[in-house]
Amino acid sequence: MKITLVVACALVDADRRVLIAQRPQGKQLAGLWEFPGGKLEAGETPEAALIRELSEELEIETKEACLAPLTFASHTYDDWHLMMPLYVCRKWQGTPVAKEHSALKWVRPQKLHDYPMPPADIPLIAPLCDLL
């Protein structure tokens with residue numbers, strides 16, 4: 001079974017809300033809400049991939065020192081397995097823009113369960129609630 005490494009980020013604003021992004025139509029799991037991030041490219045560290053993905057997807061800039069690893073998800077889909085570390089980021093430059101998603105939403109951590117999410121994202125909510 002193929003194992004895919006994907007990184008995700010919980011952007012946390014000054015009001016302790018978390019940014020979630022809605023997957024666009026035409027993509028797998030379309031319409032579900034997720035933590036921003038994406039797949040690593042060859043030779044990338046998880047942190048470098050996350051910095052690149054946040055820039056590409058949301059038009060924001062951050063630094064490795066602003067990324068704090070919190071937890072990870074390990075989830076088996078039909079024909080592949082996902083490993084996804086979740087980083088917390090509280091400092092970035094720019095205002096997030098939905099370049100590759102249908103919508104963005106700032107949500108209180110305790111309300112994350114109110115949004116349908118991919119199966120791999122759901123176990124990330126509890127550690128995030130504990131932190132915030």
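**Charged pairs, one by one**

With a relative accessible area of 27%, R17 is partly exposed (buried means under 20%, exposed over 50% and partly exposed in between, using a 1.4 Å probe and protein chains only). This is a predicted model, where local features need pLDDT of at least 70 and side-chain atom pairs count only at pLDDT 80 or more, while totals for chains, interfaces and linings use all residues. Residues are numbered from 1 along each chain as its sequence is written, and side-chain values use heavy atoms, leaving out hydrogens and water.

Which residue does R17 pair with? Its salt-bridge partner is D13, with 2.6 Å between the closest N and O atoms (a salt bridge is a side-chain nitrogen of Lys or Arg within 4 Å of a carboxyl oxygen of Asp or Glu). D13 is buried, at 14% relative accessibility. Side chains of opposite charge can pair when their charged atoms come close.

The structure holds 7 salt bridges, so let's move to another group of them. R52 pairs with E53, and their closest N and O atoms are 3.2 Å apart. R52 counts as buried at 15% relative accessibility, and E53 is buried too, at 8%.

R52 also meets the side chain of E56 in a salt bridge of 3.2 Å, N to O. Why are R52 and E56 about one helical turn apart? Because they sit 4 residues apart in helix α1, residues 46–58 (helices are DSSP runs of H or I with at least four residues, strands are runs of E with at least two, and both are numbered from the N terminus). E56 is partly exposed, with 35% relative accessible area. Through shared partners, salt bridges join R52, E53 and E56 with E41 and E44 into one network.

Now for the wider fold. The UniProt annotation, from an unreviewed entry, reads "domain: Nudix hydrolase" and covers residues 2–130 (positions follow the numbering used here, feature names are shortened, and annotations may be inferred rather than shown by experiment). Over residues 2–130, the chain is 15% helix and 35% strand, with 32 Å between the end C-alpha atoms.

The largest nonpolar core has 22 residues, and those with the most contacts inside it include V18, I20 and F35 (such a core is a set of buried Ala, Val, Leu, Ile, Met, Phe, Trp, Tyr and Cys residues joined through side-chain atoms within 4.5 Å). Among the elements giving two or more residues to this core are β2 (18–22) and β6, and β6 supplies the largest share, 4 residues.
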